[in-house]
Amino acid sequence: MAKTPANSGPDGGAPPPKTAIYDNDSILSPEEQRAVFAALRLERCGIPRRFMDKTLENFVTRGSKERRDVVQAARSYLSSFGAHEGKDERPGVLLSGGTGTGKTHILVAILRELMAKGHSARYYNVPNLLKLLRATYDGQEDLDEDDLINEMCQVAVLALDDLGAEKPSDWTAD
């Protein structure tokens with residue numbers, strides 16, 4: 001069996017482009033590569049794995065006008081996003097409702113769409129964020145409070161999920 005040069009592709013031919021992603025010695029198609037990179041961006045953004053596939057298209061409205069209105073409001077927000085760039089006030093989104101109503105699904109769907117358009121984003125579950133902030137005070141984390149706050153300020157879209165679900169205390173009230 002002939003040896004293939006170190007700079008050749010898996011089939012011994014020309015080397016693949018430097019941006020190619022391999023999966024079991026085969027090169028992923030450009031479409032597959034985009035999907036891999038999109039998944040990595042979602043993961044780095046902080047979206048929990050169980051919500052990675054949530055979109056406006058797969059949000060189940062169950063024939064509810066209220067749920068259809070929420071999807072329409074999300075689409076309207078997405079279509080106008082960026083129109084207020086550079087202005088003092090930029091509209092945000094506040095979703096409220098009981099447990100299991102789809103708030104996180106809609107929130108993640110909005111983040112996915114904005115990230116697909118090239119906007120930077122970060123997702124935080126507020127009770128977990130507060131634990132992380134508290135850990136920075138105790139020196140239990142590699143980053144300090146200023147680093148964490150700077151990280152939140154550097155993105156175009158900051159998503160805070162489960163705001164108000166944290167255990168009430170004097171510290172969380174402050």
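1. Is R75 buried, partly exposed or exposed? R75 counts as partly exposed, at 36% relative accessibility. Bear in mind that this is a predicted model.

2. R75 forms a salt bridge with E57. Their closest N and O atoms are 3.4 Å apart. E57 is exposed, with a relative accessible area of 57%.

3. Helix α2 also holds K65 and D69, four residues apart, or about one turn of the helix. These two form a salt bridge, with the closest N and O atoms 2.9 Å apart. K65 counts as exposed at 53% relative accessibility. D69 is partly exposed at 40%.

4. K54 pairs with D53 in another salt bridge. Here the closest N and O atoms are 3.8 Å apart. K54 is partly exposed at 21% relative accessibility, and D53 is partly exposed at 47%. The structure holds four salt bridges.

5. Now the overall fold. The protein has six helices and four strands. From the N terminus on, the order is β-β-α-α-α-β-α-α-β-α.

6. Contacts and surface come last. Take the contacts between residues at least 6 apart in sequence: 60% of them join residues at least 24 apart. Of the protein's 174 residues, 28% count as buried. The accessible surface comes to about 12300 Å², and carbon and sulfur atoms account for 50% of that area.

Conventions. Residues are numbered from 1 along each chain as its sequence is written. This is a predicted model: local features need pLDDT of at least 70, side-chain atom pairs count only at pLDDT 80 or more; totals for chains, interfaces and linings use all residues. Side-chain values use heavy atoms; hydrogens and water are left out. Helices (H or I, at least four residues) and strands (E, at least two) are DSSP runs, numbered from the N terminus. Buried means under 20% relative accessible area, exposed over 50%, partly exposed in between (1.4 Å probe, protein chains only). Contact means heavy atoms within 4.5 Å. Accessible areas come from the Shrake-Rupley method with a 1.4 Å probe; for residues, only the protein chains shown count as cover. A salt bridge is a side-chain nitrogen of Lys or Arg within 4 Å of a carboxyl oxygen of Asp or Glu.
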